[in-house]
Amino acid sequence: MSDAGSEDFDDERGYLGEYEGDRNEAGERHGVGRAVLPNGDTYQGMYENGKRSGQGTYRFANGARYLGDYYQNEKHGQGTFYYPDGSKYEGSWVKDLRQGHGVYTYPNGDTYDGEWLCHMRHGQGIYHYHETGSKYKGSWVKGKMESAGEIIHLNHRYQGNFVNNSPCGLGKYVFNIGCEQHGEYLQKSEEEIEGSEDEADSTMVLKWIPKCVTLQTPDHKKEAASVREPCS
């Protein structure tokens, strides 16, 4: 689900190529115009004092295109970017970067709806996995699932803390049938589990340690059933 640097394409930076449209008294592009660059890119939209500012459509020679707001030649405001791989971002931009709230649709059908910072998922957001129908809802830091969140499946969900895209620490599984399993996720290396001393081939493995199960009674009070130790 990578989305970093997806639109680092050449853009219209100078005045080469062809231009048809309005100009100001200084001869700068100003108002509505259309530019065709030597590399095959085109821009049609608003200019202000020689720079793209306002609504416009920029079409890249590689098939990508951007429709939305510009300010001082940069994508700034609300806009939609269509990428050559079939993915799409629709939302807020700040100085050519995805920033603020936006929705990214990936080539495999996955979607992310939430906050962005400097092109990365950052803040609160929901990532929907198209193939399984599951989704993660919670906190993101620099593109990764971090801090409090939950993974929601068809008939159950996991709620807890996340570190580096994986659950870590105390959490619980909530089942639609009316019970919850409390426990803790430990992130351990394979050599810790298997007793191996080869650190070069070490990979992190998640281990779930159940602690207790709580059952929903008819009067909506929870009763705890010990699995290994009582809930604290």
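Start at Lys172. This residue is partly exposed, with a relative accessible area of 21%. Buried means under 20% relative accessible area, exposed means over 50%, and partly exposed lies in between (1.4 Å probe, protein chains only).

A note before moving on. This is a predicted model, in which local features need pLDDT of at least 70, side-chain atom pairs count only at pLDDT 80 or more, and totals for chains, interfaces and linings use all residues. Residues are numbered from 1 along each chain as its sequence is written, and side-chain values use heavy atoms, with hydrogens and water left out.

Glu180 and Lys172 form a salt bridge, with their closest N and O atoms 3.4 Å apart. The term means a side-chain nitrogen of Lys or Arg within 4 Å of a carboxyl oxygen of Asp or Glu. Glu180 is buried, at 11% relative accessible area. The structure holds 4 salt bridges.

**Select Glu184 and Lys211.** Here is another salt bridge, and its closest N and O atoms are 3.4 Å apart. Glu184 sits in strand β15 (residues 179-189) and Lys211 in strand β16 (residues 204-216), so the pair ties together parts 27 residues apart in sequence. Strands (E, at least two residues) and helices (H or I, at least four) are DSSP runs, numbered from the N terminus. Glu184 is partly exposed, at 23%. Lys211 is partly exposed too, at 21% relative accessibility.

**Jump to Lys75 and Asp96.** Their salt bridge has its closest N and O atoms 3.2 Å apart. Lys75 belongs to strand β6 (residues 74-82), while Asp96 is in the loop between β7 and β8 (97-105), so this pair ties together parts 21 residues apart in sequence. Lys75 is buried, at 4% relative accessibility. Asp96 is buried as well, with a relative accessible area of 15%.

**Now pick Glu90.** Look in strand β7 (residues 88-94). Glu90 is partly exposed, at 45% relative accessible area. Leaving aside neighbours within four places in sequence, Glu90 is in contact (heavy atoms within 4.5 Å) with Gly79, Thr80, Gly102 and Val103. Then show Leu67. Glu90 and Leu67 are 23 residues apart in sequence, and their C-alpha atoms are 9.5 Å apart.

**Last, colour by pLDDT.** This is the predictor's confidence in each residue, from 0 to 100. The chain averages 88, and 81% of the residues score at least 70. Finish on residues 225-230, where the pLDDT is below 50. Beyond near neighbours in sequence, this stretch has 13 contacts in the model.
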